[in-house]
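Please read the following report with the sequence and the coordinates at hand.

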Amino acid sequence: MVKLSEHTSGDATRILYLGNSGAGKTGSLVSLVEAGYNLRILDMDNGVGILKQYILNQCPERIGQVDVETRRDVYEMGLQGPRVKGKPKAYVEAMQLLDKWSDDSHPAEWDRKTIFVLDSLSALGRACFEYVKSMNPSVREPRQWYNTAQDMIQSNIANMTGAGFNPHVIVCTHVRYEEDLGKAFANAIGKALGPVLPRYFNNMVLAETVGAGKMAKRIIKTVTTGTIDLKNENPFKVAAELPLETGMATLFKSLQS
């Protein structure tokens with residue numbers, strides 16, 4: 001038995017970071033680099049170029065603090081639409097990297113000055129679906145592909161947010177709007193997983209643009225909105241809205257305090 005006064009939920013910070021494409025999620029990670037963290041990015045979107053430009057503009061001396069491994073299947077046009085060219089391999093290689101990084105280190109053993117970033121869960125889910133489909137192409141009910149892929153992605157998230165995974169974790173993903181429910185959820189693969197994912201994270205935040213034209217500004221929201229349930233594990237210190245440019249570093253500082 002542990003008294004509540006002595007209980008901790010773990011020293012590592014786990015964040016599910018939502019936002020529409022172009023909301024600025026990837027670029028906003030620059031503030032964590034400036035704060036001294038090392039980033040290890042599993043890039044499934046091939047979209048880290050904007051982060052490189054921000055670092056070169058704001059803190060070029062820190063460019064060496066970021067390692068990136070990009071894994072993405074190549075698509076070609078088929079008679080029934082785009083299809084993976086050759087055998088899907090992005091998901092398998094991503095899982096291999098989660099076990100052993102390209103420098104032969106083990107991500108689960110990285111220190112607390114390191115943040116593992118998955119960018120994005122949406123793309124990892126698609127890669128997983130393509131892998132599952134290739135392993136059982138003759139299935140009669142496509143829902144079996146989705147169910148299997150969802151189970152695999154959920155297991156991956158459970159692993160990287162569990163006690164055995166030492167570094168901090170940021171999982172970036174897009175937003176999936178369910179009009180019939182009037183709610184929005186994290187996008188992964190299919191509909192069923194979105195409402196389940198938040199149970200693995202004590203922090204769920206949203207990058208969003210508010211206003212328009214000259215009045216538009218990008219922010220990180222940390223508390224529930226009308227359409228999406230957000231949360232953070234230090235609500236008495238974390239502001240409801242943070243500027244995108246510095247928000248992630250501020251959020252980490254508050255959560256780590």
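Predicted model: local features only at pLDDT ≥ 70, side-chain atom pairs only at ≥ 80, totals over all residues.

## Helix α6

The buried residues of α6 are Leu244, Gly247, Met248, Ala249, Leu251, Phe252, Ser254 and Leu255. Three of these names, Leu244, Gly247 and Met248, return below among the contacts of isoleucine 220.

## Isoleucine 220 in strand β11

Isoleucine 220 belongs to strand β11, which runs over residues 217-221. Its relative accessibility is 0%, and because buried means under 20%, isoleucine 220 counts as buried.

Once residues up to four places away in sequence are set aside, isoleucine 220 touches Tyr17, Val205, Leu206, Ala240, Glu241, Leu242, Leu244, Gly247 and Met248. For one of these, alanine 240, the separation from isoleucine 220 is 20 residues in sequence, while the C-alpha to C-alpha distance is 8.3 Å.

## Glutamine 150 in helix α5

Glutamine 150 sits in helix α5, which comprises residues 143-160. With a relative accessible area of 11%, glutamine 150 is buried. Apart from neighbours within four places in sequence, the contacts of glutamine 150 are Ile189, Gly190, Lys191, Ala192 and Leu193.

## The β4-β5 hairpin

Strands β4 (residues 75-78) and β5 (residues 81-84) pair in the antiparallel sense, with 4 bridges between them. The two strands form a hairpin in which 2 residues lie between β4 and β5. As one example of the pairing, tyrosine 75 has valine 84 in β5 as its bridge partner.

## Salt bridges

How many salt bridges does the structure hold? There are 11 salt bridges in the structure, and the pairs described here are among them.

Arginine 112 and aspartate 11 form a salt bridge in which the closest N and O atoms are 3.8 Å apart. Arginine 112 lies in the loop between α3 (90-99) and β6 (114-119), whereas aspartate 11 lies in the segment before β1 (14-19), so the pair ties together parts that are 101 residues apart in sequence. Arginine 112 is partly exposed at a relative accessible area of 30%, and aspartate 11 is exposed at 54%.

A second pair joins the side chains of arginine 40 and aspartate 67, with an N to O distance of 3.3 Å. This pair links distant parts of the chain, since arginine 40 is in strand β2 (residues 38-43) and aspartate 67 is in strand β3 (residues 66-70), 27 residues apart. Arginine 40 counts as buried at 15% relative accessibility, whereas aspartate 67, at 28%, counts as partly exposed.

In a further salt bridge, between arginine 176 and glutamate 178, the closest N and O atoms are 3.0 Å apart. Arginine 176 is partly exposed, with a relative accessible area of 26%, while glutamate 178 is buried, with a relative accessible area of 9%.

Note on methods:
Residues numbered from 1 in each chain as written. Heavy atoms only, no water. Buried < 20%, exposed > 50% of the residue type's maximum accessible area, 1.4 Å probe, protein only. Contact = heavy atoms within 4.5 Å. Salt bridge = Lys/Arg side-chain N within 4 Å of Asp/Glu carboxyl O. Pairing = 2+ DSSP bridges.
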